[in-house]
Amino acid sequence: MVDWNLIGIIAAFIVYFSVMIYIGFFYMRKNKTVGDYILGGRGLHRWVTALSAEASDMSGWLLLGLPGLAYVSGLSSAGWTAIGLAIGTYLNWKLVAKRLRIYTHKAKDSLTLPEFFVNRFGDKKAYISALSSVFIIVFFVVYTAAQFVAGGKLFNAIFGVDYTWAMLVCAAIVVLYTFTGGFKAVCLTDSIQGMLMLFALIVVPIVAILSMFGTGGASVAALNPDMLSLFKDPSTGEFISVFVVVSGLAWSFGYFGQPHILPRFMAIKNPDEIPQARRFAMIWVILTLAAAIFIGLLGQVFFSTPLASPETVFIEMSKETLASFLAGIIYCGILGAIMSTASSQMLVASSAISQDLYKTFINKKASQKSLLWLSRVTVLVVAIFAIFLSLDISSSVFGIVSFAWAGFGATFGSVILVGLFWKRMNWQGALAGILVGGVTAFLWYMFLAASTGIYEMIPGAAASVLAIFIVTKITAPPTKEVTDTFDAYVNEIGNERT
């Protein structure tokens with residue numbers, strides 16, 4: 001007997017994959033220089049900038065990790081994390097976006113964050129570039145692995161295929177369009193995927209609620225009311241620790257240091273359009289975060305028996321409520337969340353190797369063609385390492401993303417934020433901030449996070465800021481060339497809205 005439901009789902013995936021791959025090959029012909037491949041020639045439209053920044057930000061954890069956390073822990077954990085993310089999104093657009101776009105252009109048209117650090121702080125020997133690149137590669141291999149894990153879980157839950165093969169298929173599709181199309185292809189596909197994510201998060205809970213009419217009353221009455229409290233732990237009924245609140249809100253600081261989000265700001269065509277892009281981005285973020293948490297809470301009522309894997313709550317709800325091609329579109333929305341972030345991360349990691357390590361330290365006279373192909377090859381290398389880390393199906397998407405997010409926030413967040421506002425900051429202070437922040441976050445995660453309940457972002461960011469100020473104050477001030485560039489950047493911003 002023909003399974004038309006499965007055929008409809010497969011048809012949706014075929015259409016989706018075909019569009020993504022076509023976009024990659026379309027932009028392959030347009031990438032003439034490494035600048036085109038890495039930053040799209042700074043020609044992004046404001047709506048593409050907004051959607052691609054947020055889609056690459058939220059990743060597979062928005063449709064898997066966050067609903068799963070809400071399903072298990074209610075609002076007390078998921079709610080504070082979402083609030084922290086919404087605050088961080090706004091502050092990143094408000095404090096960083098326009099300043100970074102203008103400053104990276106003033107600082108010798110820097111294409112990557114490590115290159116910007118070198119030019120911003122006058123690091124003649126590029127120590128910052130080397131250290132930054134190492135942290136980017138390490139944390140992005142981990143972060144990309146989280147996306148591949150999410151993709152493997154998605155295909156495994158939908159089609160019942162072996163997790164390893166499911167994860168490999170997902171990885172192959174992402175690698176193909178990132179390898180071919182570069183930054184513009186990634187941003188355009190991110191925009192499409194961002195709209196799919198929003199559509200999926202709104203449609204599924206509405207259909208689930210409609211399907212429960214007449215049968216859901218008893219389930220709602222049985223729901224633990226502490227699941228709906230921001231201040232109580234539903235498993236114990238006691239008030240949560242202040243560290244849970246602070247750790248959730250600490251996610252906001254991570255935005256200032258995410259190398260896959262910040263290049264969107266650097267690439268917008270017109271810096272004056274950033275306030276419009278910010279408003280659009282905030283609407284998208286608030287709607288998607290609220291919907292993702294609502295799905296997790298709704299799962300407590302919708303499913304009569306507890307789910308074996310909480311992070312599949314959105315997938316299982318989609319399977320129960322939708323069918324055929326529409327279900328396939330929803331699954332593509334989940335896959336879009338995964339692919340949008342993975343592609344951005346692989347692209348940034350490849351630029352760290354080709355632009356910030358190879359060109360800076362090995363071959364300063366490398367041709368644009370050789371750098372372009374090296375960037376593409378390193379996409380494959382990063383993907384291979386991420387695949388090895390993704391082989392364990394028991395890996396938590398939320399847990400992996402949480403660690404990588406804190407790593408980047410503690411490593412680069414303070415350096416970006418302080419560097420945009422403090423003229424006196426020098427390269428020694430920036431180097432110390434990167435090293436101390438990254439190492440502190442890593443060690444805290446390994447040895448103290450579980451016992452203290454404090455998110456590694458907090459001690460990592462605090463240690464980074466402290467290192468920046470202490471080292472900057474005890475070392476020589478930056479050169480006149482560096483301070484003149486800072487003045488030119490400030491003068492261009494003036495009193496205009498950011």
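Visitor: Is aspartate 226 buried or exposed?

Guide: Buried means under 20% relative accessible area, exposed over 50%, and partly exposed in between, using a 1.4 Å probe and protein chains only. Aspartate 226 has a relative accessible area of 16%, so it counts as buried. Bear in mind that this is a predicted model, where local features need pLDDT of at least 70, side-chain atom pairs count only at pLDDT 80 or more, and totals for chains, interfaces and linings use all residues. Residues are numbered from 1 along each chain as its sequence is written, and side-chain values use heavy atoms, with hydrogens and water left out.

Visitor: Where is aspartate 226, and which residues does it touch?

Guide: Look in the loop between helix H9 (217-222) and helix H10 (242-249); helices are DSSP runs of H or I, at least four residues, numbered from the N terminus. Contact means heavy atoms within 4.5 Å. Leaving out residues up to four places away in sequence, aspartate 226 touches Lys232, Asp233, Pro234 and Gly237. Glycine 74 is 152 residues from aspartate 226 in sequence, yet their C-alpha atoms are 7.5 Å apart.

Visitor: What lines the second largest cavity?

Guide: A cavity is a set of points on a 1 Å grid over the protein atoms alone where a 1.4 Å probe fits but cannot get out; lining residues have an atom within 4 Å of a point. Here the lining is Glu54, Asp57, Thr89, Asn92, Trp93, Tyr255, Ile261 and Phe265. Helix H3 (46-58) and helix H5 (75-106) each give two or more residues, and H5 has the largest share, three.

Terms used. On a 1 Å grid over the protein atoms alone, a cavity is a set of points where a 1.4 Å probe fits but cannot get out, and a pocket is an open set with protein on both sides within 12 Å along at least five of seven lines; lining residues have an atom within 4 Å of a point.
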